[in-house]
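Hello,

I am passing a structure on to you, with some notes on its aromatic residues. Please look through it first and then read what follows.

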Protein chains: 2
Amino acid sequence: MSVLALAGGVGGAKLCLGLARVLSPDDLQIVVNTGDDEEFYGLHVSPDLDTVMYTLAGLANPYTGWGITGETFATLEHLGKLGEDTWFGLGDRDMATHIVRTNMLRQGKSLSEVTSRLYRSLGVEHPVAPMTDDRVRTKAVTNIGTLEFQTYFVKHRCEPVVRDLVFDGSGSASMSEAFSKALSDRSVLVYCPSNPLLSMAPILAVPGVESAIKSFSGVTIAVSPIVGGKALRGPAAKLLEELGEDVSCVGVARRYSGICDVFILDDLDRHHADEIRSLGMVPVVVDTIMNTEQDKIDLARIVLEVAGVAHAR
Amino acid sequence: MSVLALAGGVGGAKLCLGLARVLSPDDLQIVVNTGDDEEFYGLHVSPDLDTVMYTLAGLANPYTGWGITGETFATLEHLGKLGEDTWFGLGDRDMATHIVRTNMLRQGKSLSEVTSRLYRSLGVEHPVAPMTDDRVRTKAVTNIGTLEFQTYFVKHRCEPVVRDLVFDGSGSASMSEAFSKALSDRSVLVYCPSNPLLSMAPILAVPGVESAIKSFSGVTIAVSPIVGGKALRGPAAKLLEELGEDVSCVGVARRYSGICDVFILDDLDRHHADEIRSLGMVPVVVDTIMNTEQDKIDLARIVLEVAGVAHAR
């Protein structure tokens, strides 16, 4: 009942919201990928941290899953007039987040401190931390060259063929304090249904994380973001294929082999249960699609029940 | 017919627009006060440079004279939600200007380079430069303490009683290259109708400026921002009174004594002409009120005619 949830952006944020609805702030620590972070116009943008933040704060755009609902783009439009590239769609309200973050970082605060301040300002009580306070940047090695992550992801809409993913800086990064602490004192670790290659891999690439998970004393549970051979959103399926992995929940599960006890797969994928078992994980077949807030709460409850730590709240 | 115009914000920008309408880019160099500059949220804001820019670019809010017409304030509102002070009303479009400026300054560009880039992006062809690339900050010594300029001007709405004005950093500042060059190669110097204490004094406080003006080989002309004993806008009248000066065009003229040949005063103030003459300046009485763009062009033409450099265009 004391949970550490690892998350990327939209998919992960959905389960985080469910977990936050059924667990008290003391019982949930969320740790978020920062490999997607990038500077635009000198402003430090942390897309996954912000997607989780806006989701937990009830501000997220329900159609995109990222950004703020009702967002406007006047600043971006004017940046364009001033000759700047504007392919990364930063909204006016979102811009305020990056302005505050950048200013605090420049004043010497850590990304963890900045994140806590931002989340608290928006009324989020559950603790959320970046995977690291150090600079890690995911880069896609593609058929058109090595691309900054957002250049690959947003500017080129994931169209280039990916040959490899590298996490620049991860070799010398340290886990954030909250992450390190949670790995030693929490009883459940949840891999949220985020992209295993783009969201989870950078987290796992931070030195010490994999070994800490291998010696984690509690239960480790993953939720597949691939359902029926398709990614619920984003390029996970395309990437699995390009990198020569199974485009199925099995391909995802293989990524967690050796660092995961229980693997939750969708009803649609029940025929993969034996393969999951053969990877050393207990397969649990449920409906994993989260459209409504109730779906998110239901899946969170299942995750906790499966972990034997169900909360009746 | 080769003009250097010195300007502060709104009042100065009006005459600058008139001058830009009748002079080619080669024949007009505008130099703007930066004593009002301040950092908000880590962003470098240059209010006077931006007021002149938006005015020349045709973007200025016609009601306030500063800011961009049709401006929105979503970023500022969200900054407030994130716990930041929001008394300085930065709009969404305006924010883009500060973001680009700050980013370029952090990359090592000078404020002059940044200013040129911003103006050109918005289609302004006439060259405009800051008075200096160095940091000068106007501070108001008041009955409630020494205040940053914008804190005095915007947050406290000029209400505190000013005992002195200081221009922090001006002692070690250097004129911008464009300013220095214009002082040596232009044939007319115009003090636009800006606040003599807040807009012109910081410019004159940059080392070398006063002596360069004293040895300026062309004609120097000032336009009074005080008409009928009242400031056309802003706290000029209140400040003149608080600092023990005449609250009239004579009080303004006294500030330019020894560094100005011709002083343009409004029809309403014609009774002050002799006092102006006794200060060593040639008084020229005209209608100085600039409401419409035609008013601005007309006054610019008068200034140029008075300088003997009339353009028939």
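Please keep in mind that the model is predicted.

Aromatic pairs were counted over all chains, and the total is 14. One of them joins B:Phe40 and B:Trp87 in an edge-to-face arrangement, with 5.6 Å centre to centre and 80° between the planes. B:Phe40 belongs to strand S3 (residues 38-40) of chain B, while B:Trp87 sits in the loop between helix H3 (74-81) and helix H4 (92-106) of chain B, so the pair ties together parts 47 residues apart in sequence. B:Trp87 is partly exposed, at 26% relative accessibility.

Another pair in chain B is made by B:Phe149 and B:Phe153. This pair is stacked, at 4.9 Å centre to centre and with 25° between the planes. Where do B:Phe149 and B:Phe153 lie? Both are in helix H6 (residues 149-155) of chain B, and 4 residues, about one turn of the helix, separate them. B:Phe149 has a relative accessible area of 2% and is buried. B:Phe153, at 32% relative accessibility, counts as partly exposed.

Turning to chain A, which residues form one aromatic cluster? The members are A:Phe40, A:Tyr41, A:Trp87 and A:Phe88.

Regards

Conventions: Residues are numbered from 1 along each chain as its sequence is written. Chains are lettered from A and ligands numbered from 1 in the order in which they are written. This is a predicted model: local features need pLDDT of at least 70, side-chain atom pairs count only at pLDDT 80 or more; totals for chains, interfaces and linings use all residues. Side-chain values use heavy atoms; hydrogens and water are left out. Rings of Phe, Tyr and Trp (its six-membered ring) pair if their centres lie within 6.5 Å; planes under 30 degrees apart count as stacked, over 60 as edge-to-face and the rest as tilted. Helices (H or I, at least four residues) and strands (E, at least two) are DSSP runs, numbered from the N terminus. Buried means under 20% relative accessible area, exposed over 50%, partly exposed in between (1.4 Å probe, protein chains only).
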